[in-house]
Amino acid sequence: MDPLDLVGAEPGPARTILFDGRPVPALPGQTLAAALWADGVLAWRTTRTGGRPRGAFCGIGQCFDCLATVNGRPNQRLCLLPAEHGDAVTTQEGHGHGDLAV
Amino acid sequence: MLKRTSYDAVVVGAGVVGAACAYYAAKAGLRVAVVDRGPVAGGTTGAGEGNLLVSDKEPGPELDLALLSTTLWRDLAAEFGDRVEYEPKGGLVVATAPAGLDALHGFAAGQLAAGVDAVAVAADDLRELEPHLADGLPGGVLYPQDAQVQPALAAAHLLRASGADRYLGEAVTALRRGPGGAITGVVTERRELAAPAVVNAAGTWGGAVAELAGVRLPVLPRRGFVLVTEPLPRIVRRKVYAADYVADVASGSADLQSSAVVEGTPAGPVLIGASRERVGFDRTLSPEVLHRLAAQAAALFPVLRTVAVQRAYRGFRPYLPDHLPAIGRDARVPGLYQACGHEGAGIGLAPATGLLIARQLVGEKPEFDLSPFRPERFDEEE
Amino acid sequence: MATSRSEAGPIRYDLAVIGAGPAGLAAADAAAALGLRVALLDAGARLGGQYYRHPAPELGAARPEKLHHGWRTFDRLRERLAAAPLVDHLPEHHVWAAERGEHWTLHATRGPERADRATVTARGLLLATGAYERQLPFPGWTLPGVVTAGGAQAMLKSGLVLPGRRIVVAGSGPLLLAVASSLAAAGARVPAIVEATGYLGYGRGLPVLAGNPAKLAEGAEHAARLLRHGVRLRRRAAVVEAHGTDRITAVTVARLDARWKPVPGSGRRIACDALAIGHGLVPQIDLAVELGAATVTTADGTAALRVDAQQRTSVPGLWAAGETCGVGGADLALAEGVLAAHSVAGKPAPARELTVRRRRRGFAALMAAAHAPGPDWTGWVTDDTDVCRCEEVPARAVREAVTELGAADARTVKLLTRAGMGWCQGRMCGPAVACLSGGPLGGPDSRPLSCPVPLAQLAEPDEPFVQ
Ligand SMILES: Cc1cc2nc3c(=O)[nH]c(=O)nc-3n(C[C@H](O)[C@H](O)[C@H](O)COP(=O)(O)OP(=O)(O)OC[C@H]3O[C@@H](n4cnc5c(N)ncnc54)[C@H](O)[C@@H]3O)c2cc1C
Ligand SMILES: Cc1cc2nc3c(=O)[nH]c(=O)nc-3n(C[C@H](O)[C@H](O)[C@H](O)COP(=O)(O)OP(=O)(O)OC[C@H]3O[C@@H](n4cnc5c(N)ncnc54)[C@H](O)[C@@H]3O)c2cc1C
Ligand code: FES
């Protein structure tokens, strides 16, 4: 049994997103976080101070642990963003705005 | 049964001003207690920014006090190190129109004469100081003495270092007076503390504490909002604001004034501050104020348009009608010392206030002229 | 001073409902039936809130009801709302502030772009913003693979995914059973449900549930499913540590005494590749707190909005329904939504919903009391445990702020340590910081902005002195 079997899901063909450059399949209607979980990926950022890995925690947009850089824009909550074909997710380091430092 | 303990001085208020009073009084050898109805920094100190400014002050008694404080903060920073997030980073005031630049230069010239370090910055050099500044600004003035601390940490560490006994979470409900009217102690919700001297460092609520001694001190609240961005790398090096801010600070108007004051913090977020309104203790969030602050900040630093605001907070500055704090022995009540009403500069002015109060407490005459800050000056007007 | 910069012109709606979960859906449906023009705003893209969270249509789920109770109720509501000309559903509108004037002006963000801002005006406002989970930190709780119980449920219901194959479910509260039951049904192995209180164990809890037949059926169904999957319920125990370096590989479960203090030497290791954990829910009431609405402290120590018999808060023109008034589940939320709509429309309350509310509120209070964290849970928080996930503030710093610096409440701890100052604004660490500070529990948190707002949107439309 898996979740798709349980609800008799018949999704359309998977899309492809890129996680740190690696293709990962995403079912239509899944969030980026769901697609990564389905691929066994649980972490997609490192913390600002300790450099520790983090991924989705609350699953509903409240904890902001699931932040990552998506298509160049940092601090996106992957548990909320629908996966679109070609989306590029990159592991975010810290605040994700390193390019702005002066 | 009320417990009774005696001290040389009781400080009412555990904000930054009360903490500084306790710190310097204890250093002068006094046995001190600090009483607050809330926790440390639970008043305006926990709702302010930590700018230690000389740049926004015109020549006069407040600037003199600020210059003294600037030196004292430097000494304190040496004692407390990173724990209070002291940053001697300087301030940059920019003009937003050519006419404004002339006015700014005129203002700075007066400050220079009063002992402030001020350096004119040409339009072309602004970006060297602040790479993310907007295009087309006509110029500015750099104030190397401006600095910053984290106010709550500053108050907490000053208080701890003072070694004063802390009575937190209990309000002062009465002041005890002796036969001649002199102060003999304070009554809190839980106990009585005997002391020949009481320092009123109750900030925005200083008027009510003065009233406990039967004297008038017309402290009023002046509301301010601050926006806090998401954590960022250092994108603003100094404290940067538009020259209009100085006019806002000095304004006696009750209406909303705001001008963007933008600064980075060691912790990451950029703070965008300092709207000023006199609306009593109305806590209502004003989207209009937030809008203005954001718009002005984005006009100074367009890069901020790419970040998120995480939080907003508000506080009520303790405000006296002539924009000067009340500092020193209150001639109307023997043993009562006033140390409140610092409006938007209490963090900056706290050490000088504490030091001067301590001098008076031990019976020394401060080397600084406190007469412009006389607590009884508002009675004299009438 | 102008206090609002919303669009001029007529007020669009009689009622704005924030939150399209059970409470908001029922309210919008009832209000429209009573002739009101309704805006139904939600931060999310689809109707349903937490309880009715469901897969996107593109996932082609033929049997979404397998992960839900009461799916038919939702289907009917959804159909009626789609056909209701008086209701505008405004999805992906996260309301960051509600401004009160002669009418309500809601300020919402719709996305990251400068243009993604919206304001909505309405005469009445109903807050149906639900709840989020309460977390009590423990060593290792920031490891990837540790997720909230509701989060595991939400990701499963919407994305049809699991965080692992072997998932320990832990914490406290009735949600754990629902979550474990879903996870097991979806193919995960659940080696244990670890419940901190000694309550029910579903067979023994029957008398408590007797007054609430629907709850009973739901509970019995979960229990049967869990039995079928061989899931063990360990009561009076807690996960006191999660092990692993870059992701979780095991947990240590220890017995708790009556005050929730871990019993020394009672720790047992359980291998797992995920942990779903939560300690009940916290009402999401920031918007109302900011407006000065009165709150009550619930039996499990959280702050909820105080409402009268008509679901009116203490703020004129502001109603509340569902978890915002105290956590009580979907049926209660549905009933309160209907009651609020009748009050807004000035119509007498329907008897059926009054009965449901009375029963369910009573039940909710029982549950809350049963699952309130014991006072000594902080015994499992080592000094090195990061209490605040966002700002990585260890318990040591929080404890020092209290013992050394004079902090005695969550706000002061926050000012002195940054715990609660990060992206989530203390939603994940708030209850824990309040406990560790030794301050009062159950007071409302202050969040003037109920979510982050892109600065460009705040700055819109006019920017002074741009040459
Ligand atoms: C938005 C904003 C931004 C600001 N930015 C700056 C800045 O950048 N730089 C700067 O220098 N200043 C700034 N300020 C001003 C600064 O915060 C204040 O001047 C300063 O905090 C005042 O400190 P205080 O100790 O006098 O008062 P408070 O911190 O308010 O302390 C007074 C204490 O007295 C206690 N109290 C009152 N009544 C009683 C009683 N009866 N019994 C016991 N206790 C009592 C209160 O609980 C309180 O803790 C800002 C203020 C605001 C609102
Ligand atoms: C993560 C999670 C999972 C849960 N899973 C279950 C379960 O499986 N079974 C069960 O019985 N109970 C579950 N619950 C309990 C749930 O709270 C109730 O059963 C029920 O959903 C409550 O209904 P409601 O209408 O009060 O709130 P909710 O269903 O929570 O709906 C609130 C809605 O308001 C929206 N919202 C909140 N703030 C804003 C804002 N500022 N602007 C715009 N929109 C906003 C949210 O997006 C949400 O859709 C869960 C709770 C959580 C937190
Ligand atoms: S997982 Fe918590 S915000 Fe996305």
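1. Domain bounds, as used here, come from an automatic or database domain assignment. On that basis chain C is divided into domain 1 (12-132 + 282-368), domain 2 (135-279) and domain 3 (382-436).

2. This is a predicted model, in which local features need pLDDT of at least 70 and side-chain atom pairs count only at pLDDT 80 or more, whereas totals for chains, interfaces and linings use all residues. Residues are numbered from 1 along each chain as its sequence is written, and side-chain values use heavy atoms, with hydrogens and water left out.

3. The C-alpha centres of domain 1 and domain 2 of chain C are 28 Å apart. Each domain gives 18 residues to their contact (heavy atoms within 4.5 Å).

4. Between them, domain 1 and domain 2 of chain C bury about 1,700 Å², 63% of it on carbon and sulfur atoms (accessible area, 1.4 Å probe, lost on putting the two parts together, summed over both). On the domain 1 side, Leu67(C), His69(C) and Phe363(C) lose the most area, together 37% of what that side buries.

5. Zero salt bridges are counted between domain 1 and domain 2 of chain C (a side-chain nitrogen of Lys or Arg within 4 Å of a carboxyl oxygen of Asp or Glu).

6. In chain B, the axes of helix H2 (residues 61-80) and helix H9 (residues 346-361) come within 7 Å and cross at roughly 90°. H2(B) is therefore roughly perpendicular to H9(B) (65 to 115 degrees). Helices are DSSP runs of H or I with at least four residues, numbered from the N terminus; axes are lines fitted to C-alpha atoms over the stretch in contact, with angles from 0 to 180 degrees between N-to-C directions.

Conventions:
Chains lettered and ligands numbered in written order. Helix = DSSP H or I, 4+ residues; strand = E, 2+ residues; numbered from the N terminus. Parallel < 35°, antiparallel > 145°, perpendicular 65-115°, else oblique.
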